[in-house]
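I opened my notebook to look up a few things in this structure. Here is what I wrote down, entry by entry.

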Amino acid sequence: MEPLHILIIDDEPVVCDGCRLVLTDQGHTVDSYTAGTEGLEAFYARPYDLVLLDLKMPDAEGMEILAACQAHNPNAYVIVMTGYSTVKTAVQAMKAGAFDFLSKPFGDEELTITVQRVQENRKLVQENQSLRQQLLERFHFENIIGENPRILKIFEKIKKVAPTDSTVLLDGESGTGKELFARAIHAHSQRAASQFMPIDCSTLAPGILESELFGHVRGAFSGAVADKPGIFEVASEGTLFMDEVASLSLETQGKLLRVMESGEFKRVGSNRVQQTRARIIAATNRDLQAMVADGRFREDLYYRINVFPIFLPPLRERRDDIPRLADHFLRLFNKKASKRIDGFTDEAMEMLVRQEWPGNVRQLKNVIERLVIMSDRRFLDIVYLLDNLQVPRSGDHEAVPETLADLKALKQQIMTESFGQIEKAFLIKALRAADGNISQAATEVGMQRPNFHALMKKHGITREAL
């Protein structure tokens, strides 16, 4: 374990010398002072990891030095030493912030074990801080791709609600990233060091779901061969993310309402009431208000989970974020597949932006992964996209044309947007199959070479660009 910088403050030189010999042999750096005031000045002047402090000294009161150490550097550990060791003295010192105490006289082994406990605790604290920092970095807003104004407003909402224990309801279509935002809320909360427990309420039968949520006791049902704690118990100090909360049965909704109102629950098959402090983040892709009106969702539960609603817009309503998301996923899957694809052609990116993306960010991610696997070129172009996407319908034209001229203009626009891309991809694919030989490509697709070449010129295709 990492050696410590230790300060000894004791008015007995023999104690200072003995402790220094033992601890320096173990690799620690040790300073010692026989006067309380001098020892405290040294503590103020240099960073110490641990202080061995005598509680009874002629020139200073040990408890006052302990308080001063805690005020100056609360991360420093203090082990008090006293020949007047009583339960009352030890309790008073521990309440004041001491990590442990040694009763004089103590041996080398007792000193060594106590200092090792400091090292072990310090290592755990450092690891915990490191993990929390990693969690914050992973789910920092900069790592959630999006600069659309609606997404930026969501970030602001999360900053405000995360430090509280308020229930959050994430509402949005499937694939909009509800769990990612739930984890961001947890990572920025006071519960970040505790468990984040996700559960998909739509994937489990009601009986199994209740067992997962509340736990069960041995013999509660067939197969319950041992007691099992539920998620509410495990995540008592953390966050419970309940995805697809609209799928809960009315009976389970009632039990969930009880937990949210009182913090009380019972394991399946048990009469013993238990307490939980788990924070709930719920998510849904359905209209809960309509379900309340239809009697399929409890109104009282709806108001309980709708304390702080956040709506996640579908990808088609934040198309300006698609290029950023596509580039992010391209880098991600390049790394996973050990490939080096430099980006998208302008036509390919335009096609990605124009897609409706009913599966939202999840669908885009899956498509990019598939494109990276299939591609053997530096840039992803419309040939690859057309093999992996449905050609978008021109559904953006809301108004029905009123004149023949308008109808012809719309037809031309649709032809340019959809057929033009397919035509260009058709030519590129044929040329690649023929290794750039125009005559061979034209023959293979059943066209005259001049016609094929004319289409190439129309779309600005050259053999060098293949």
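Entry 1: I began with Leu-50, which stands opposite Tyr-77 in S4. Strand S3 (residues 50-54) and strand S4 (residues 77-82) pair in the parallel sense over 5 bridges. For pairing, DSSP must find at least two bridges between two strands. Helices (H or I, at least four residues) and strands (E, at least two) are DSSP runs, numbered from the N terminus.

I followed the chain from S3 through H3 to S4 and noted a right-handed β-α-β crossover. Right-handed means that, with the strands pointing away from the viewer, the path from the first strand over the helix to the second runs clockwise.

**Before going on, a note on the model.** This is a predicted model, where local features need pLDDT of at least 70 and side-chain atom pairs count only at pLDDT 80 or more, while totals for chains, interfaces and linings use all residues. Residues are numbered from 1 along each chain as its sequence is written, and side-chain values use heavy atoms, with hydrogens and water left out.

**Entry 2: the other neighbour.** Strand S1 (residues 5-9) also pairs with S3 in the parallel sense, over 4 bridges. Here Ile-9 has Leu-53 as its bridge partner in S3.

Is S3 buried or exposed? I found 5 of its 5 residues buried, so S3 is largely enclosed by the rest of the structure. Buried means under 20% relative accessible area, exposed over 50%, and partly exposed in between (1.4 Å probe, protein chains only). Leu-50, Leu-52 and Asp-54 point one way, Val-51 and Leu-53 the other way. In a regular strand the side chains alternate between the two faces of the sheet.

**Entry 3: two helices.** Helix H2 (residues 36-45) and helix H3 (residues 62-72) pack at about 5 degrees, with axes 11 Å apart. That makes H2 roughly parallel to H3 (angles under 35 degrees count as roughly parallel). In contact (heavy atoms within 4.5 Å) are Gly-36, Leu-40, Phe-43 and Tyr-44 of H2 with Ile-65, Ala-68, Cys-69 and His-72 of H3.

Entry 4: Most residues other than glycine have a negative phi, and most peptide bonds are trans. I looked up some exceptions.

- A cis peptide bond joins Lys-104 and Pro-105, with omega about -10 degrees.
- Glu-244 has a phi near 55 degrees and counts as buried at 12% relative accessibility.
- Trp-357 has a phi near 50 degrees and is buried, with a relative accessible area of 1%.

How values were computed
Axes fitted to C-alpha atoms, helices over the stretch in contact; angles between N-to-C directions. Parallel < 35°, antiparallel > 145°, perpendicular 65-115°, else oblique.
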